[in-house]
Number of protein chains: 2
Amino acid sequence: MGSDANLSWASATQAAQMIRDGIVSAEQLVKACLDHIETREPDVQAWTFLDPDYALQQARAADELRLSGQPIGPLHGVPVGLKDIIDTADMPTENGSPIHAGRTPSRDATVVAMLRAAGAIVMGKTVTTEFATRHPGKTRNPHNPAHTPGGSSSGSAAAVAAGMVPLALGSQTTGSTIRPGAYCGVYAMKPTFGLIPRHGMFQLSRSFDHVGLFARSLDDIALLLEQLAGYDERDPDSRPRPRVPYREIAAAEPPLPPMFAFVKSPRWDQVEAETKDAFAELAEHLGAQMEEVELVSASDEALQWHETASGPEVALNLRREWETQRDGLSAALRARIARGLAVRGIDYLAALRRIPQLNASFTELFEQRYDAIVTPAAFGPAPAGLASTGDPACCALWTFTGMPALNVPLMQAGNGLPLGVQLVGPRHGDGRLLRTARWLVQHVSAVPATRRHGS
Amino acid sequence: MGSDANLSWASATQAAQMIRDGIVSAEQLVKACLDHIETREPDVQAWTFLDPDYALQQARAADELRLSGQPIGPLHGVPVGLKDIIDTADMPTENGSPIHAGRTPSRDATVVAMLRAAGAIVMGKTVTTEFATRHPGKTRNPHNPAHTPGGSSSGSAAAVAAGMVPLALGSQTTGSTIRPGAYCGVYAMKPTFGLIPRHGMFQLSRSFDHVGLFARSLDDIALLLEQLAGYDERDPDSRPRPRVPYREIAAAEPPLPPMFAFVKSPRWDQVEAETKDAFAELAEHLGAQMEEVELVSASDEALQWHETASGPEVALNLRREWETQRDGLSAALRARIARGLAVRGIDYLAALRRIPQLNASFTELFEQRYDAIVTPAAFGPAPAGLASTGDPACCALWTFTGMPALNVPLMQAGNGLPLGVQLVGPRHGDGRLLRTARWLVQHVSAVPATRRHGS
């Protein structure tokens, strides 16, 4: 890790240790990342706000604090990219919409305050699709600029994948973290619903909005999760809970080799042949440790329930824009709002009532036999073109139920693009899910190279 | 308190003490109540299920337990009436509907388990209107059988008022505890939303259902509240909280004479002249300690928001009955369900969003100057006739906001029927509200006798 060119590829865990040990300064790290951004940004277009001087200024302040001998946090000096729906007091937050152009909040979102308390450098704001929905931003897939990076957390996934920052935050209301994570070939996690407070982020759908985490290693995901899991009474779905040592749990050996439940997507017929082959190969590799499990039939309907339950919430949260600046909304979003406006209250409530029912059936699955569900993160690798961010159907069920989901960048398609494996655990089994993922990654490093991706 | 005839009029606090001290047995107390029920029930019709032998059997078991020297609870041997929407494992629970005739649940509701743990005797089930809504049951006002007892907790209010039991439980989704409490002239409390778990009760509207308490003294309300406030994860609106010593708080002297905010009902034009006069007299009596406060304009709309937000929930909770046994529903309830079915999801959500906004404005009021809001419990005394249970408009705002509300049977109308004064406090200010009520009762015992009611 001598040259500054490589420094931008350091993991957050490594970088924080080097800064703590005085091997590199926060300024050097941030400078290396900025240099790398300068090189790659014309192709990738991951950022919507980036002020290099301000980033360096934060880094120098971090270095001064460290040299003063004061205690420093676990992310001291580590740059983080923030999806541009996360409010920052010192940078614009435009929610991916021309309607909110120039919007500058007066306060940090809770997660931003938590990051700063841990010593992180807020590098800048990453590109989001329009209001974290489907209308794409400018970002391209770092592996091939003719392909979508996925969305809605497009810039966060791409920035981490391109080595611009070791960590980034996004969000997921349907498939907005797992899908771009899979398309861009990085670790991406949507922790249990309610675990990370969402106060100060654009609210698209209270019942389904999750904070999303992006990193290039499992250690880094655990490190980030440990900083952000917590209680904030201003998020009505946040609850006080004991602190969980996610890094320690994620680093531990499973007491027994884990058992995996292979769950076909509720839209398995739309999953591409190459993805099906890759999962067949994975099944062969895992042998008796992976069993196919039929989803309860209700899972098939979960996509519709998710649409019914999120619809009125989306319509409510965008009501002002719909009523006063409708021309500033994309046609796709206008159509989604119109669908949401038509949903009856009783149907909305009936759909929400399915959430605890589905969770109960999955809890049983995990208690009886399995450590994690294995399922595709998307139908295939990132589709060509930038007009669509791809289909979130492989993610919607796990967002609906609020279960923790993780993209593991385990495989590669024939065209060189990443193919994601999605692991899912029971609610509040986030630590165990990371531990199981680590076992899988170590075990599958023996899979033939053509299917492997990353290191 | 020598004769058994008077024993049925003892307060729960007195009765529990006498049983604890061995002055009377639980069997004597229950027998006295049963005798009194036998006398009064033909006129009052408060009960829908009453098995005297079973009540006596519980009482004898309570006496045996006490004599065995085992520890006994704060309600040991005290009979309690339960509104017939509260599940009991040993008695039918028919929800005031012919559709549920003969329904016998297999488990006790959480509040029933709490009562039994405190040593209470479950006396029987009291009459509720149809599914705790507006279509009346058979109960009559104990002060005048030609008048309604109010509803929906008709039998609970009437049984306590008639001296049949010292305590009863009801519920309130609009005005179903405060209104019958006022019409029947007893203390009736709807504690803060979520404070008492509702698991095992008929769910009419999750966002607005509250457990209601009936007693003939403030001590008894505090005693009952102390047994029932608690956490049950099976009620999604229940939260773990530290135990509050309500009896101790309610019995304490206020540090300063309390300040009252007189709030006219949002429908003041419908309040009867006699009630207006009574409040004018109360104002005169309290002098500088009562000030009229103008409601924020939003309060006027709260009645509509309550209707919009409860509508889809009522429709969902009665969907099976609506779809399969519509003829078994009253015309009024069919109309209410039809209105609820028509509410759009976005309007439902927008109405719910008003709750924290309204609470914030009220919190300010309480923090700045006032100990309690004083406002009519109903437009006037119990209306003549049994076809309607009266109008809940004076209660809806406080149910909507989830603030604790208390009927104080402080006054009397010219026709001899009780006139209720409603006291309202900020969320989780239940203890202080009881303390303020006690001050008021003591202070106003000097009001001319024509306006006073009870002792």
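This report describes the domains, sheets, helix packing and chain contact of a predicted model.

## Domains of chain A

The domain assignment divides chain A into domain 1 (4-249), domain 2 (251-294 + 361-451) and domain 3 (300-351). Between the C-alpha centres of domain 2 and domain 3 of chain A the distance is 29 Å. The contact between these two domains involves six residues of domain 2 of chain A and five residues of domain 3 of chain A. On the domain 2 side, five of the residues are nonpolar, one is polar and none is charged.

## The sheet of chain A

Chain A has an open sheet of 11 strands. Their order across the sheet is E1-E3-E2-E4-E6-E5-E10-E11-E9-E7-E8, and the pairing is mixed. Which strands stand at the edges? They are strand E1 (47-50) and strand E8 (290-292) of chain A. Each has a single partner strand, so one side of each has no neighbour in the sheet. On average, and with direction ignored, neighbouring strands of this sheet are turned by 30 degrees against each other.

One pairing in this sheet joins strand E2 (residues 79-83) and strand E3 (residues 121-126) of chain A. These two strands pair in the parallel sense, over five bridges. Within this pairing, Leu82(A) has Lys125(A) of E3(A) as its bridge partner. Helix H4 (residues 52-67) of chain A packs on the sheet and touches E1, E2 and E3 of chain A. The direction of H4 makes about 160 degrees with that of E3(A).

## The sheet of chain B

Chain B also has an open sheet of 11 strands with mixed pairing, in the order E1-E3-E2-E4-E6-E5-E10-E11-E9-E7-E8. At its edges are strand E1 (47-50) and strand E8 (290-292) of chain B, each of which pairs on one side only.

A parallel pairing over three bridges links strand E7 (residues 260-262) of chain B with strand E9 (residues 372-376) of chain B. Here Ala261(B) stands opposite Ile373(B) of E9(B).

Two helices of chain B lie across strands of this chain. Helix H10 (residues 273-286) of chain B lies across E7, E8, E9, strand E10 (405-412) and strand E11 (418-424) of chain B, and runs at about 55 degrees to E11(B). Helix H17 (residues 430-444) of chain B lies across E9, E10 and E11 of chain B, and runs at about 5 degrees to E10(B).

## Helix pairs

| Helix pair | Angle | Distance of axes |
|---|---|---|
| H11(A) and H13(A) | about 115 degrees | 7 Å |
| H11(B) and H13(B) | about 115 degrees | 7 Å |
| H8(A) and H17(A) | roughly 170 degrees | within 10 Å |

In chain A, H11(A) and H13(A) pack at about 115 degrees. That angle makes H11(A) roughly perpendicular to H13(A). The crossing of H11(A) past H13(A) is left-handed. H11(A) brings Gly311(A), Pro312(A), Val314(A) and Ala315(A) to the contact, and H13(A) brings Arg336(A), Ile337(A), Arg339(A), Gly340(A) and Leu341(A). By class, these are five nonpolar, two polar and two charged residues.

In chain B, helix H11 (residues 298-317) and helix H13 (residues 331-342) pack at about 115 degrees. H11(B) and H13(B) are therefore roughly perpendicular to each other. Their crossing is left-handed. The contact is made by Gly311(B), Pro312(B), Val314(B) and Ala315(B) of H11(B), together with Arg336(B), Ile337(B), Arg339(B), Gly340(B) and Leu341(B) of H13(B). This contact has five nonpolar, two polar and two charged residues.

How do the axes of helix H8 (residues 218-228) and helix H17 (residues 430-444) of chain A cross, and at what angle? They cross at roughly 170 degrees. That makes H8(A) roughly antiparallel to H17(A). The contacting residues of H8(A) are Leu218(A), Ile221(A), Ala222(A) and Leu225(A), and those of H17(A) are Asp430(A), Leu434(A), Ala437(A), Arg438(A) and Val441(A). Seven residues of this contact are nonpolar, none is polar and two are charged.

## Contact between the chains

How many residues does each chain give to the contact? Chain A gives 14 residues and chain B gives 14 residues. On the side of chain A, helix H11 (298-317), helix H13 (331-342) and helix H14 (345-352) each supply at least two residues. By class, the residues on this side of chain A are nine nonpolar, three polar and two charged.

Key
Residues numbered from 1 in each chain as written. Chains lettered and ligands numbered in written order. Predicted model: local features only at pLDDT ≥ 70, side-chain atom pairs only at ≥ 80, totals over all residues. Contact = placed C-beta atoms within 7 Å. Helix = DSSP H or I, 4+ residues; strand = E, 2+ residues; numbered from the N terminus. Nonpolar A, V, L, I, M, F, W, Y, C, P; charged D, E, K, R; others polar. Axes fitted to C-alpha atoms, helices over the stretch in contact; angles between N-to-C directions. Parallel < 35°, antiparallel > 145°, perpendicular 65-115°, else oblique. Left-handed = near helix turned anticlockwise from the far one by under 90°. Pairing = 2+ DSSP bridges. Domains from an automatic or database assignment.
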